[in-house]
Amino acid sequence: MDASADRKLFLGARLKRLRRDLALTQTSMAADLGVSPSYLNHIERNQRPVSAQLLLRLAETYDVDLRSLNQGGAADEARLTEILADPLFKGLSAPRHELVQLLEEAPGVADALLRLYQAFDDGRTRARAAAENGEGLVETSPAEWVREYIQSRGNHFPELDQMGEALAEALAAEAPAHADGFEPAARQRLAAKHDLGVRTLPAEVMVEWTRRYDLHRRRLLLSETLGPSSRAFAIAYQLALVEHGPALNDMVQAANAPDGPTRSLLKVALTNTLAAATLMPYAAFQRTAEETGYDLARLQARFGVSYEQAAHRLTTLSRPTARGVPFFLMRVDQAGNISKRYAAGAFPFSRFGGACPRWRLHSAFRTPGRIITQIIETPAQDGKPGGRWFTFARTVERQGQDGYGETHDLAVGLGCELRHAHRLAYAHGLDLERPEVTPIGPACRLCHRHPCAERAAAPIDRPLAVDDWSKSVSPYPFAAM
């Protein structure tokens, strides 16, 4: 008899998290699934296993990927494995089954540990930099806290998507006669409902500001340096603030941010999310993305947004009843500084460092405005096979160019697991069954791939192996363990 057939699945914590993400009560979810509330309560408390029939009903009712429930969260497992590779935990035994058990039975505790390590690692990095500069210890970055909070929500805020869709519908109904696009309707609503005007001013008047709200005169002031898509987003941002300010404040309060600057930055991030949800309403955007093969140019044209705005929106399509391809996104400047890092699903790079230099994200700077594709493969780790990912990257212009000939380009990279690539227009014509693959690793300080000419640092858990008699292709050869 097959032993796996007798295996009982206790997924109470994950089912409870799914229910809360969907903003459902036990009674309403039980009604959706055709079971009693008491039975669902027993399952959530791991007093009853989840049956195969109930798993199928979950998949049909909420469009749930059953592997995300049954596998214990591969992305979070990878993050915990990455953390435990830190020399800080040398000598500590944490086998895979314990990580899986933690994620299955106490996912909230796992999230807390991940955030705690992020704070610790930030503090350690800043302490080293401060020591080198003779300065005191700097507090954890608000930007890193906000980034981790957004990622802890899977970069998906269903309440903001619902607000954005409702606001987009209202704008469409109120659109001025013969007006085309978002901006005229949004300007009219700001004026008629909120007594708020919009003015575009010369760059020398705005100085460093691209958008500024004059509270006393009730005017939104925009710089002439903004292009049409950036101007529309700035107006959508202001509309989101005046329409849903209290709801945004409640969400910030519920997040329990550690200080005032972090709360302010989180509110900006949530307002940006609501602005994007208004410009690119979830259902219409997800449907268009599927119909066009996730063609960014088509999405730009359809919704009047920039390449980066559309790309970022693609990482948020996690509505259970209408999921998009689970993309990850990374944005870097020419110096390699990472200013955006979000994922709707798994993320193939270190969350606590940079990207592998073998990923062709930086190659985009050599071909401005052109999309370059690459299939990458991450290494096997702890007995688990590596993964393959389809990626594409392109440069974008930084908002508010100075007009003196400097482009200030940024590179935006998008990717997804290779199994989704057949849904993408950018993969058409490629042999996805026998692809040309580039092996990569996580951030250099966590990567054991050797030899590697692109290595920028030695692994933090391996001693250097440098001598006078030989030279490796790698600038940081290290000893095997």
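A word on burial before the clicking starts: buried means under 20% relative accessible area, exposed means over 50%, and partly exposed is in between (1.4 Å probe, protein chains only). You are looking at a predicted model, in which local features need pLDDT of at least 70 and side-chain atom pairs count only at pLDDT 80 or more, while totals for chains, interfaces and linings use all residues. Residues are numbered from 1 along each chain as its sequence is written, and side-chain values use heavy atoms, with hydrogens and water left out.

**Stop 1**

Select Glu174 and Arg189. Their side chains form a salt bridge, with the closest N and O atoms 2.6 Å apart. The term stands for a side-chain nitrogen of Lys or Arg within 4 Å of a carboxyl oxygen of Asp or Glu. This pair links distant parts of the chain, with Arg189 in helix 11 (residues 182-194) and Glu174 in helix 10, 15 residues apart. Helices here are DSSP runs of H or I with at least four residues, strands are runs of E with at least two, and both are numbered from the N terminus. Buried or exposed: where does Arg189 fall? Arg189 is buried, at a relative accessible area of 9%, whereas Glu174 is partly exposed at 33%.

**Stop 2**

Next, pick Arg313 and Asp161, whose side chains meet in a salt bridge (3.0 Å, N to O). Arg313 sits in helix 17 (residues 307-314) and Asp161 in helix 10, so the pair ties together parts that are 152 residues apart in sequence. Arg313 is buried at 4% relative accessible area, and Asp161 counts as buried too, at 2%.

Now jump to Glu377 and Arg388, another salt bridge (2.9 Å, N to O). Glu377 belongs to strand 8 (residues 372-377) and Arg388 to strand 9 (residues 388-397), so this pair ties together parts that are eleven residues apart in sequence. Glu377 is partly exposed, with a relative accessible area of 28%, and Arg388 is partly exposed with 36%. How many salt bridges does a search of the whole structure find? The count is 17.

**Stop 3**

Select Phe157, in the loop between helix 9 (142-152) and helix 10 (158-174). Phe157 is buried, with a relative accessible area of 4%. Show its surroundings: leaving out residues up to four places away in sequence, Phe157 touches Tyr149, Ile150, Met251, Leu270 and Thr273. Touching, or contact, means heavy atoms within 4.5 Å. Then draw a C-alpha to C-alpha distance from Phe157 to Thr316: they are 8.0 Å apart in space and 159 residues apart in sequence.

Asn155 is found in the loop between helix 9 and helix 10. Check its backbone: Asn155 has a positive phi of about 55 degrees although it is not a glycine. Most residues other than glycine have a negative phi. Asn155 is buried, with a relative accessible area of 5%.

For another positive phi in a residue other than glycine, go to Arg218, where the value is near 50 degrees. Arg218 is in the loop between strand 2 (211-214) and strand 3 (219-223), and it counts as partly exposed at 31% relative accessibility.

**Stop 4: crossing helices**

Show helix 1 (residues 12-21) and helix 3 (residues 37-44), whose axes come within 7 Å and cross at roughly 120 degrees. That makes helix 1 oblique to helix 3. The contact is made by Gly12, Ala13, Leu15, Lys16 and Arg19 of helix 1 with Leu40, Ile43 and Glu44 of helix 3. Axes are lines fitted to C-alpha atoms, for helices over the stretch in contact, and angles run from 0 to 180 degrees between N-to-C directions. Angles under 35 degrees count as roughly parallel, over 145 as roughly antiparallel, 65 to 115 as roughly perpendicular, and the rest as oblique.

Residues making the contact include Met29 and Leu33 of helix 2 and Leu54 and Tyr62 of helix 4.
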